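The tour below goes through charged pairs, one selection at a time.

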Amino acid sequence: MSTATGKSDGIWETIKTVFWALVIAGLFRTLFFQPFWIPSGSMKETLLIGDFLFVNKMAYGYSRYSCPFAICPISGRIFASEPERGDIVVFRHPVAGTDYIKRLIGLPGDRVQMREGVLYINDEAVPRVASGEFIEEYAPQGGAGQRPRCENGPVGSGGDCIKSRVIETLPNGVSYPVLNIEDNGFADNTPVFTVPEGHFFFIGDNRDNSVDSRFGQNAGGVGFVPFENLIGRADRVMFSSAGRSMLAFWTWRSDRFFHPLGE
């Protein structure tokens, strides 16, 4: 065999290896777990800017949005399992086409409302218990360099950015921390939202810093999200970076390696 033929065979084998590696990676991402990087603070303190997690794609079955660029030839949803109230869900925005992550609050048929910052589901106030404060440095966060909003603002650079914290418990027993930045803000008092059949209602845990189902789609909000748009459930943070890049290992948060959500 000539040297040229050997080199040609080697290049072809490399191409095949790369091709099949990409196919396997694509199938893994589509069928099992999709990586997701938290870009904003709308789910603090449950999820921090810079958290890296894998989304469980098997949790709710599959739709066309399970594939990159929504190319799956699926009508509706297959192998479907209903999500549970309190799940942390990644979903495709019904209008913008980008992926969001929020907490599922309202199921089909539910009536959801905010009154003076208190969440009501089916006309019953969701219990809340005061639980101290959430404190973080007032400094740029993540790749976009966002600075957090503070209840005790204005705060100087490097100072303590404080938000009051409560533990909210949904009717099915799921509990989680909710943060407050302002009293009687725009989304602290809403009309009653009746969730349509086949749709869900989502709110961020950082209540005054979340664009979610409390805001209509015509105003840039999320509105009601069709079941088809659900991509998967977030169960665990794999690792977290407090810096601008996940590659900056010296900024990784040691307490968030394999950090379970909802515990």
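**Salt bridges, stop by stop**

Select Asp235 first: in this predicted model the residue is partly exposed, at a relative accessible area of 32%.

Next, select Glu228 and Arg64. Their side chains meet in a salt bridge, with an N to O distance of 3.4 Å. Glu228 sits in the loop between strand S13 (225–226) and strand S14 (230–240), and Arg64 in the loop between strand S2 (51–56) and strand S3 (88–92), so the pair ties together parts that are 164 residues apart in sequence. Colour both by accessibility: Glu228 is partly exposed at 24% relative accessible area, and Arg64 is partly exposed at 31%.

Move on to Arg111 and Asp123, a salt bridge with 2.6 Å from N to O. This pair links distant parts of the chain, twelve residues apart: Arg111 belongs to strand S5 (residues 111–115), while Asp123 is in the loop between strand S6 (118–121) and strand S7 (124–125). Arg111 has a relative accessible area of 33% and is partly exposed; Asp123 is partly exposed too, with 44%.

To continue on your own, search the whole structure, where 15 salt bridges are found.

Key: Residues numbered from 1 in each chain as written. Predicted model: local features only at pLDDT ≥ 70, side-chain atom pairs only at ≥ 80, totals over all residues. Heavy atoms only, no water. Salt bridge = Lys/Arg side-chain N within 4 Å of Asp/Glu carboxyl O. Helix = DSSP H or I, 4+ residues; strand = E, 2+ residues; numbered from the N terminus. Buried < 20%, exposed > 50% of the residue type's maximum accessible area, 1.4 Å probe, protein only.
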